[in-house]
Amino acid sequence: MTTLIRWAGDDPDREGLIETPARVVRAYEEWFAGYGEDPDEMLRRTFEEVGGYDEMVLLRDIRFVSHCEHHMAPIVGRAHIGYLPRNRVVGISKLARIVEVYARRLQIQERITAEIANTLDRALQPHGVAVVVEAAHGCMTSRGVHQSKATMVTSRMLGAFRDRPETRQEFLSAIDLRGAAGSGNLFS
């Protein structure tokens, strides 16, 4: 970090920068804590007493911050997760935690989307899983092409969400993707 501070043209011994290398290490420990967590372990506890519930379970607007593996720039966005339970469900906080585990690793958006869906499919063995991730990428908003309002949308549909257009449409309608992106206020 000291080398980078010097490279940027500043003095690493300046009062405001003396503690910066240590602060950066602590920030990186938090930002990349996902490498030390096992998402499959998080989903080990499931519930079978669902009272016959067999409709879609959906958690929308799971906000996350990740970092792109190409520039280590922030990726800020939200994930939407749906699944059709077979005979097991998981506590909803676990859905948000799965997003966080994968977000706290160096990422590309396509991979985080697939990892979330594949993990839920493996753990719950549901009739289907749907994941949509929408995010703004710092590597594109603050450098390069400087597209500050551009957002990327990725999806992974498994099982019934892939095979049944009406199930896919129900999920997409429920997350109101067009409404969120169209408002220009992705991060509220």
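1. In this predicted model, a network of salt bridges links Asp61, Arg78 and Glu134. The total number of salt bridges comes to nine, and, as background, side chains of opposite charge can pair when their charged atoms come close.

2. Arginine 78, in strand 2, stands opposite arginine 63. The hairpin formed by strand 1 and strand 2 has five residues between the strands, and within this hairpin methionine 72 adopts a positive phi near 60 degrees.

3. Strand 1 also pairs with strand 3, which spans residues 106–107; here the strands run parallel and two bridges join them. In this pairing, leucine 106 of strand 3 has histidine 67 opposite.

4. Among the other salt bridges, glutamate 41 and arginine 44 meet through their side chains at 2.9 Å, N to O. Arginine 44 is exposed, with a relative accessible area of 56%, whereas glutamate 41, at 44%, counts as partly exposed.

5. A further salt bridge joins glutamate 100 to arginine 104, whose closest N and O atoms lie 2.8 Å apart. Glutamate 100 is partly exposed at 25% relative accessible area, and arginine 104 is likewise partly exposed, at 23%.

6. In helix 5 (residues 109–124), arginine 111 and glutamate 115 are separated by about one helical turn because they are four residues apart. These residues form a salt bridge with closest N and O atoms 4.0 Å apart, and arginine 111 counts as partly exposed at 30% relative accessibility.

Technical notes
Residues numbered from 1 in each chain as written. Predicted model: local features only at pLDDT ≥ 70, side-chain atom pairs only at ≥ 80, totals over all residues. Heavy atoms only, no water. Pairing = 2+ DSSP bridges. Buried < 20%, exposed > 50% of the residue type's maximum accessible area, 1.4 Å probe, protein only.
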